[in-house]
Amino acid sequence: MHSFWFIVIGIILSILFIALIIKVYVLKLSYREIKKEFKEISTKETNAKISISSCDQDVVSMVEEINTCLANIREKELKYQNGNYELQKSITNIIHDIRTPLTAILGYTELLDQEDLTENQKQSLQIIKTRTKDLIYLSEQLFDYLYQKDQGPVEKEVLCLNQELENAMLNYYALFQANQIEPHIDITPVKIYRKVNKEMLVRIFDNLIYNMIKYGEHKVKVTLTMTGRIIFSNPAPNLDSVGLAKIFDRYTTLENARKSAGGAGLSIVRQFVELNDGKITASIEDHWLVLTIIFK
C-alpha cells in the first residue's frame, strides 16, 4: 500500500518537475523575445510596442508595464524635442534680428573712418568696429552651432528669391559704400520662387556678400537668372586651381573671422545649400571667381 502511494507521489512530482521545466523554458523564450524586440525598438525612432507570443499572465503583465514605460518616455522625449526646437527657433530669430543692425553699424563705422577725425575719435571708432565684428562673428557661430545639431528635417517655406536677394544686398549698402564698391546687380524681373529655409537662405547670402566685400577688389556682380541661378562673382587674380579646390574650407578662428569681416566661411554656405536640396559650384572665369547656386 505504501509503495502505491510512493509511486503516485513520484508520478505527481515528475509531472510537476516536467511542468516546471516547460515553464522555465517558455519563460526563457519569452525573455529572449522581449530582449530582442526591446533592442530593436531602442535603436529606432518608432512608436512600436513590445509584443510576445507567450500567454503567461505574469509575462504579459510585465510586458504591458514595459510598454507603458516606453510610451511615457517617448511622450517626454517628444515634449523635450518640441521645446528644444522652439528654443532654437527663437534664438535663430533673435540672431537674425540683431545681425542686420550690426551689419549696418559696421558699414557706417567704415564710412566714419573716412572722415577727418581726431586721434581719440579714431581709437574709439576702432574699438566700436572691433566689437561689432566680434558680435557678428559670435552670432554667426551660434547660428552655425544650432543648425549643426541633429534637429530633424529642415523647415522650409516658399520664398521669392528676387526679394530675398534684394533685401540682402540692401542690408550691405553702407559696407559697399565704405569699401567704394558699386555692385553690378542683375536680377530678373521674373519672380523666382523656391522652397527653402529662410534663416539659412539669409545666412547664405550674408556669407557670400561678406566675401565679395572683402575680396572683390571694388568690383562685384550679383545675378539672378530666369532659370533660378544665383551667381556671385568678383575678381580673383591670385586664385589658382589649388586655392579653388579649398574654397569651401571652413574659417575657425576669431582672428580669421576678423580678417574676413565676420567669419564669412564658405563651408557653412555649402552645407546650408545642400540642406535645402540645392547645389553650389565654384569656378574661375577670366580671373574672376564665380559661385553659382541652384535650388530645386
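This is a predicted model: local features need pLDDT of at least 70, side-chain atom pairs count only at pLDDT 80 or more; totals for chains, interfaces and linings use all residues.
**Entry 1: counting pairs.** I started by asking how many aromatic pairs there are. The count comes to two.

**Entry 2: Y172 and Y210.** I looked at this pair's geometry and found it edge-to-face, with 5.5 Å from centre to centre and 80° between the planes. Next I wanted to know where the two partners sit. Y172 is in the loop between helix 4 (161-171) and helix 5 (173-178), while Y210 belongs to helix 6 (residues 198-215).

Buried or exposed, I wondered about Y172? Y172 is buried, at a relative accessible area of 1%. I checked Y210 as well, and that ring's residue is buried too, with a value of 1%.

**Entry 3: F205 and F232.** Here I found ring centres 6.0 Å apart and planes at 45°, so I noted the pair as tilted. F205 lies in helix 6 and F232 in strand 5 (residues 230-235), so this contact ties together parts that are 27 residues apart in sequence.

I looked up accessibility for these two as well. F205 counts as buried because its relative accessibility is 1%, and the cut-off for buried is under 20%. F232 is buried at 2%.

**Entry 4: a lysine and a tryptophan.** My last look-up was a charge over a ring. Which residue lies over the face of W288? I found K221 there, at 4.8 Å from the ring centre.

Terms used
Residues are numbered from 1 along each chain as its sequence is written. Side-chain values use heavy atoms; hydrogens and water are left out. Rings of Phe, Tyr and Trp (its six-membered ring) pair if their centres lie within 6.5 Å; planes under 30 degrees apart count as stacked, over 60 as edge-to-face and the rest as tilted. Helices (H or I, at least four residues) and strands (E, at least two) are DSSP runs, numbered from the N terminus. Buried means under 20% relative accessible area, exposed over 50%, partly exposed in between (1.4 Å probe, protein chains only). A charge sits over a ring if NZ of Lys or CZ of Arg is within 6 Å of the ring centre and within 35 degrees of the ring normal.
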